[in-house]
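Hi,

Here is the model I promised to pass on.

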Amino acid sequence: LYRSIPFSGFVAFFALNTLSGNPSINRLVRFNMQQAIFIDIALLFPSLILGIGGLLLGNVSGGVTQLAGELFSDVIFGTLVLTLGYCVVTSL
């Protein structure tokens with residue numbers, strides 16, 4: 001549902017950004033909203049680099065590009081898991 005609606009990520013980003021500044025919401029909920037915004041921004045840059053690298057290296061050889069993309073995706077996933085673990089620990 002999230003990916004099927006056009007610009008839903010953009011709307012969710014601004015909704016979280018607006019709601020995280022509302023002082024009537026619990027402080028821990030606002031903190032978690034801000035963490036979600038920062039993680040969203042942090043995941044934007046690796047996906048841009050991967051997309052641009054795929055465009056630039058796509059004509060060189062498919063095997064190298066696929067291997068590099070898979071390795072890069074694994075690094076992003078590992079970093080995301082560590083970041084989420086940090087978020088859980090700081091929210092306790």
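Let's start with burial: of the 92 residues in the chain, buried ones make up 11% (buried means under 20% relative accessible area, exposed over 50%, and partly exposed in between, with a 1.4 Å probe and protein chains only). Please keep in mind that this is a predicted model, where local features need pLDDT of at least 70 and side-chain atom pairs count only at pLDDT 80 or more, while totals for chains, interfaces and linings use all residues. Residues are numbered from 1 along each chain as its sequence is written, and side-chain values use heavy atoms, with hydrogens and water left out.

On confidence, the chain has an average pLDDT of 79, and 87% of the residues score at least 70 (pLDDT is the predictor's confidence in each residue, from 0 to 100). Helix α1 comes out highest, at a mean of 83, and α2 lowest, at 79.

The overall layout is quick to describe. You'll find 3 helices and 0 strands, in the order α-α-α from the N terminus on. The accessible surface of the chain is about 7,200 Å², and carbon and sulfur atoms account for 74% of that (areas are from the Shrake-Rupley method with a 1.4 Å probe; for residues, only the protein chains shown count as cover). Of the contacts between residues at least 6 apart in sequence, 43% join residues at least 24 apart, where a contact means heavy atoms within 4.5 Å.

Q35 sits in helix α2, which covers residues 27-57. Why does Q35 count as buried? Because its relative accessibility is 12%. Leaving aside residues up to four places away in sequence, Q35 touches C87, T90 and S91. With T90 there is also a polar contact, side chain to side chain, at 3.3 Å. (A polar contact is a pair of N or O atoms within 3.5 Å; within protein, one must be able to donate a hydrogen and the other to accept it, and residues adjacent in sequence count only if both atoms are side-chain atoms.)

The other one is S20, in the loop between α1 (8-19) and α2. S20 has a relative accessible area of 7%, so it is buried too. Again not counting residues up to four places away in sequence, S20 touches R30, M33, Q34 and I37.

A12 itself is partly exposed, at a relative accessible area of 25%.

- A42 lies in helix α2 and is partly exposed at 45% relative accessible area. Its C-alpha is 9.3 Å from that of L80, 38 residues apart along the chain.
- F77 is in helix α3, residues 62-91, and is exposed, with a relative accessible area of 56%. From F77 to L43 the C-alpha distance is 9.8 Å, with the two 34 residues apart in sequence.
- S73 is also in helix α3, partly exposed at 35%. The C-alpha atoms of S73 and P46 are separated by 8.6 Å, and the residues are 27 apart along the chain.

Last item: which residues form a nonpolar patch on the surface? They are F38, I41, L44, F45, L48, I52 and L56, with about 720 Å² of accessible area together. Patches are made of residues with over 30% relative accessible area and no salt bridge; like charges are joined within 9 Å, and nonpolar side chains (Val, Leu, Ile, Met, Phe, Trp, Tyr) within 5 Å.

Cheers

Key: Helices (H or I, at least four residues) and strands (E, at least two) are DSSP runs, numbered from the N terminus. A salt bridge is a side-chain nitrogen of Lys or Arg within 4 Å of a carboxyl oxygen of Asp or Glu.
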